[in-house]
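Hi,

Here is the model I said I would pass on.

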Amino acid sequence: MTSTLIIGATRGLGAALVKEYTSDPSTRVFATARSSSAPGGFPSGVKWLSSIDLTKSDVGDNITSQLKGEKPLDVVIINAGRFTTEDFTAEKGPNWDEEVTMYTISSVAPVIIVHRLAHAGLLKSGSKIVLVSSEAGSITLRHEKEGGGNYAHHASKAALNMAGKLLSIDLKEKGVIVSIIHPGFMRTEMTKGVGFDKHWDAGGAVTPEVAAKSLVDWTAKLDISKSGEYWAPRGPRDIGMAETVLGKNLETPLKLPW
C-alpha cells in the first residue's frame, strides 16, 4: 500500500485530490485541515491531521507529531495557498499583513514542512514532493499585455519555485523527488473570490476534479530526472501569455521558464 499526504485538503484542488487518491483502495491518504475536527463530505478512511495552519511557525512539527509512528510517505502534495488581489492604486495597493500571509503560506511554510518531514524519517528514496505553484510565479511569462499588480501572490509563487529548486538539490542524495507544478486555471472559490470567474470560459478554466486527475497522473510518472523542474502538466492551454512569450505549437506537458 502506498501513502499520500495532501496539505491544504479541504476545498478546491486539495479536496479533489483527496477524493481522487481515495478512489484507489491501495492508497492510504493523509490530509490536513485547519479546523480541530475532520471536515465532512469526504470519503471514509482519510486520516485527517487537524489544526494545521501554514501561518504558524510550528506547522512542520505539528504535522510530524500527528504522523509519528507512520512509515515514510510515498507522495507529499503541498497545495495550500492564498490569493488576495492588489494593484497600484491608493485604494487597493499592497497591504502589509496580506503580503506577509501570502508569502508565509506559499513559500515559507513549504520549506519548513519538507525539512521537518525529512528529519522525522517520513521521506525515503523515491518519495515524491509536489509543490503546487502557478504559472503566475514565472517571471519570464509576465508581460505588459497582462499588466502588473498582484505582487505578493505572483512573487510568493516565484519564491516557492526557488525554494523547490533548492530543496531538490538538498534532497537529491536521498533520492527524494521535488516537482514544482502549475496545476491549471481552475473554477474554484479562490479564483471566483478574486474576480477571475469572468475569465473562466475564455481562459479555459477546468474544474478541480479535472486538474486533480492530471496532477495525479503526472505524479505517478515522476522520476528523479524531473526533480527541481517547473512544469505545467496540462500544457499551455490556460496560460494566458504562453504563446505571446514562448511562441506557438507548444508541447503538453509544458516545461515552464523561471
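Some housekeeping before the rest. This is a predicted model, so local features need pLDDT of at least 70 and side-chain atom pairs count only at pLDDT 80 or more, while totals for chains, interfaces and linings use all residues. Numbering starts from 1 along each chain as its sequence is written, and side-chain values use heavy atoms, with hydrogens and water left out. Helices (H or I, at least four residues) and strands (E, at least two) are DSSP runs, numbered from the N terminus.

The sheet

There are 8 strands in an open, mixed sheet, ordered S3-S2-S1-S4-S5-S6-S7-S8; two strands pair if DSSP finds at least two bridges between them. At the edges stand strand S3 (47-49) and strand S8 (254-255), each with a single partner strand, so one side of each has no neighbour in the sheet.

Now some of the pairings. S1 and S2 are parallel over 5 bridges, with threonine 4 opposite valine 29 in S2. The chain gets from S1 to S2 through helix H1 (residues 12-22), in a right-handed β-α-β crossover (with the strands pointing away from the viewer, the path from the first strand over the helix to the second runs clockwise). S2 (residues 27-32) has 5 of its 6 residues buried, so it is largely enclosed by the rest of the structure. S2 also runs parallel to S3, joined by 3 bridges, and there alanine 31 has tryptophan 48 as its bridge partner.

S4 (residues 75-78) is parallel to S1 over 4 bridges and parallel to S5 over 4 bridges. Leucine 5 stands opposite valine 76 in S4, while isoleucine 78 faces leucine 131 in S5. The link from S4 to S5 goes through H3, and this β-α-β crossover is right-handed too.

Contact means heavy atoms within 4.5 Å. Leaving out residues up to four places away in sequence, leucine 5 touches Phe30, Leu49, Ile63, Val76 and Leu117, among others.

Serine 134

This one is in the loop between strand S5 (128-132) and helix H4 (151-171). Serine 134 counts as buried because its relative accessibility is 12%. Its side chain reaches the backbone nitrogen of alanine 136 at 2.9 Å. Beyond its neighbours within four places in sequence, serine 134 is in contact with His153, Lys157, Ile181, His182 and Tyr230. H4 itself lies across S5, strand S6 (177-181) and strand S7 (230-232), running at about 165° to S6. Axes are lines fitted to C-alpha atoms, for helices over the stretch in contact, and angles run from 0 to 180 degrees between N-to-C directions.

Cheers

Key: Buried < 20%, exposed > 50% of the residue type's maximum accessible area, 1.4 Å probe, protein only. Polar contact = N/O pair within 3.5 Å; in protein donor to acceptor, adjacent residues only side chain to side chain.
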